[in-house]
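Colleague: I have a new structure open and would like to learn how to read it. Could you take me through it feature by feature?

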Amino acid sequence: MTAGGGSGGGGGAGGVTSGKKRQRSGSYSRLSSTVGIIDSSRPDNTLTERTQKTSGIRRTASQAFIAPSSSAAVSRGFNDSATADVVLRLFVDQLPLFDTDDSESISAVDSDQSDVQIYLHSDVLCRSKYFATLLSDRWQKESNDGDSGNSLRMFRLNLGVPATPGSIDHHLAVLQLLYTNDFSTTIHNVSVALCLLPVALELIFEDCIKACVRFLEAVPWTEDEERKILSIVPLLGKEESQELLARVSIDKIDTSEQMLHGLILSALHNHPNTAFAKAFVAKLLRDFSSKEAAKRVLDRAFQSSLKIVKESLEEYSSPDFRGDHNEIEAIQRLNLHTAMTNGRHLVWLVERMIELRVADTAVQEWSNQAAFTADLLRALRDDAWRNIVPGLPAVVLRCTCKLSNAVATGTILATRQVRFVLRLERRS
């Protein structure tokens, strides 16, 4: 690879115009590009690099973390000026060549940490494919400028980093990992892994990339962290991203929601100690990581119980079967008991929805039950229900009252028509 390729490069000493950082095979087309050029304004022909951020990755601020201790380094340690043959200057690029959403964070960068010079070793840096290419013979033959006989030559590199809080620290941590391999100590939480992974991708540091991906595969994420991971996944290879994508695939999400839905059904229908099971599931719903997922699960259970209540009352009020008197009476009793049992389930589900403030769909559905109301009124005209399920009207009224009170207090936002219908139902 000659040093003359690359857009935006200028002429310089030693016949070098510009050079592109080598991309990782087939997966880094969206990485921020770093262009190495010879700085003709410097008497020592310093090799300068400038990071050009694209909109592919948004790097947000994150808390500072402790980098690996130098005691773990090899004998020629990190930032050892006595044995170093590479001087790397990290500086904050205040004027990115492309517009980014991170421009507001430039003012938040600590000016004292915006320019750092460190002493490194070329053989260690070559663990990074980017530095291996930058320091390779093909580049250096162009930049030696007749000084090829000087075996003690010092390489001076400048690397511009994004103007985001902690960017210098993140680059320093990755550079130290080139020396220490202490990935398990350094990558100790999701925030650190998400800070180091884009830098490792930029420098094509394979071991660090794999360590970050392995850590992210093994730990839980918040919704915000999941969004950041999804923004980085396209930059990873197929093998590296497979497990991360499986964590957020539709099948995995459905499995999680299906499990929660199964727990709700078990607490309502199957568990012998119903009160204990309901209390346990209520706590799971409060602590569930995704409020939207909890809402979908509760809506699904609400629709299922409401459907059973409606069908049971419809069959009771308009029977469509023939048989002897005792058989018909037994079926009618079963219909009323089924409606009563699932009506109690509806009350519990409405309470959970109101508690989580996700009852907007339920109140809309409850206010549009004209057929259900008619079937209930027909059932109540028959005095038989008084001896079978005397609490049925109270259960239905409790659902209406709880939803009406939640709408009145502002816990649930409802349209004017819904509020009007609920008011009529309470009066009736």
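Colleague: Where does the model come from, and what is the mean pLDDT of the protein?

Modeller: This is a predicted model. Its mean pLDDT is 74. Of its residues, 70% reach 70 or more.

Colleague: In which elements is confidence lowest and highest?

Modeller: Strand S2, residues 33–38, is the lowest, with a mean of 38. Helix H6, residues 190–203, is the highest, at 91. Two stretches also call for care. The pLDDT is below 50 over residues 95–112. That stretch still has 22 contacts in the model beyond near neighbours in sequence. Residues 145–150 are also below 50, and that stretch has three such contacts.

Colleague: Now the make-up. How many helices and strands does the protein have?

Modeller: The secondary structure comes to 18 helices and six strands. The protein has 428 residues, and 45% of them are buried.

Colleague: What share of the contacts between residues at least 6 apart in sequence join residues at least 24 apart?

Modeller: The share is 74%.

Colleague: On to helix pairs. At what angle do the axes of H6 and H7 cross?

Modeller: Start with the angle, then ask which class it falls in. The axes of H6 and helix H7, residues 206–218, cross at roughly 150 degrees and come within 9 Å. Angles over 145 degrees count as roughly antiparallel, so H6 is roughly antiparallel to H7. The crossing is left-handed.

Colleague: Which residues make that contact?

Modeller: From H6 come Val190, Ala193, Leu194, Leu196, Leu197, Ala200 and Leu201. From H7 come Cys208, Ile209, Cys212, Phe215 and Leu216. Next, sort them by class. Twelve are nonpolar, with no polar and no charged residues.

Colleague: Let me try another pair. How do H11 and H13 pack?

Modeller: Helix H11 spans residues 274–287, and helix H13 spans residues 325–356. Their axes are 11 Å apart, at an angle of about 30 degrees. Angles under 35 degrees count as roughly parallel, so H11 is roughly parallel to H13. H11 passes H13 in a right-handed crossing.

Colleague: Which residues meet there?

Modeller: On the H11 side they are Lys278, Val281, Ala282, Leu285 and Arg286. On the H13 side they are His345, Trp348, Arg352, Glu355 and Leu356. By class, the contact has five nonpolar, one polar and four charged residues.

Colleague: Now single residues. Is Val309 buried or exposed?

Modeller: Compare its accessibility with the cut-off. Buried means under 20% relative accessible area. Val309 is at 3%, so Val309 counts as buried. Val309 lies in helix H12, residues 291–317.

Colleague: What is Val309 in contact with, beyond its neighbours within four places in sequence?

Modeller: The partners are Ala339, Asn342, Gly343, Leu346 and Phe372. Val309 and Met340 are 31 residues apart in sequence, yet 7.6 Å apart in space, C-alpha to C-alpha.

Colleague: Where is Glu243 found, and what is its relative accessible area?

Modeller: Glu243 is in helix H9, residues 238–247. Its relative accessible area is 45%, so Glu243 is partly exposed. Glu243 and Leu216 are 27 residues apart in sequence and 9.3 Å apart in space, C-alpha to C-alpha.

Methods: Residues are numbered from 1 along each chain as its sequence is written. This is a predicted model: local features need pLDDT of at least 70, side-chain atom pairs count only at pLDDT 80 or more; totals for chains, interfaces and linings use all residues. Side-chain values use heavy atoms; hydrogens and water are left out. Axes are lines fitted to C-alpha atoms, for helices over the stretch in contact, and angles run from 0 to 180 degrees between N-to-C directions. Helices (H or I, at least four residues) and strands (E, at least two) are DSSP runs, numbered from the N terminus. Angles under 35 degrees count as roughly parallel, over 145 as roughly antiparallel, 65 to 115 as roughly perpendicular and the rest as oblique. A crossing is left-handed if the near helix is turned anticlockwise from the far one by less than a right angle, and right-handed if clockwise. Contact means heavy atoms within 4.5 Å. Ala, Val, Leu, Ile, Met, Phe, Trp, Tyr, Cys and Pro count as nonpolar, Asp, Glu, Lys and Arg as charged, and the others, Gly among them, as polar. pLDDT is the predictor's confidence in each residue, from 0 to 100. Buried means under 20% relative accessible area, exposed over 50%, partly exposed in between (1.4 Å probe, protein chains only).
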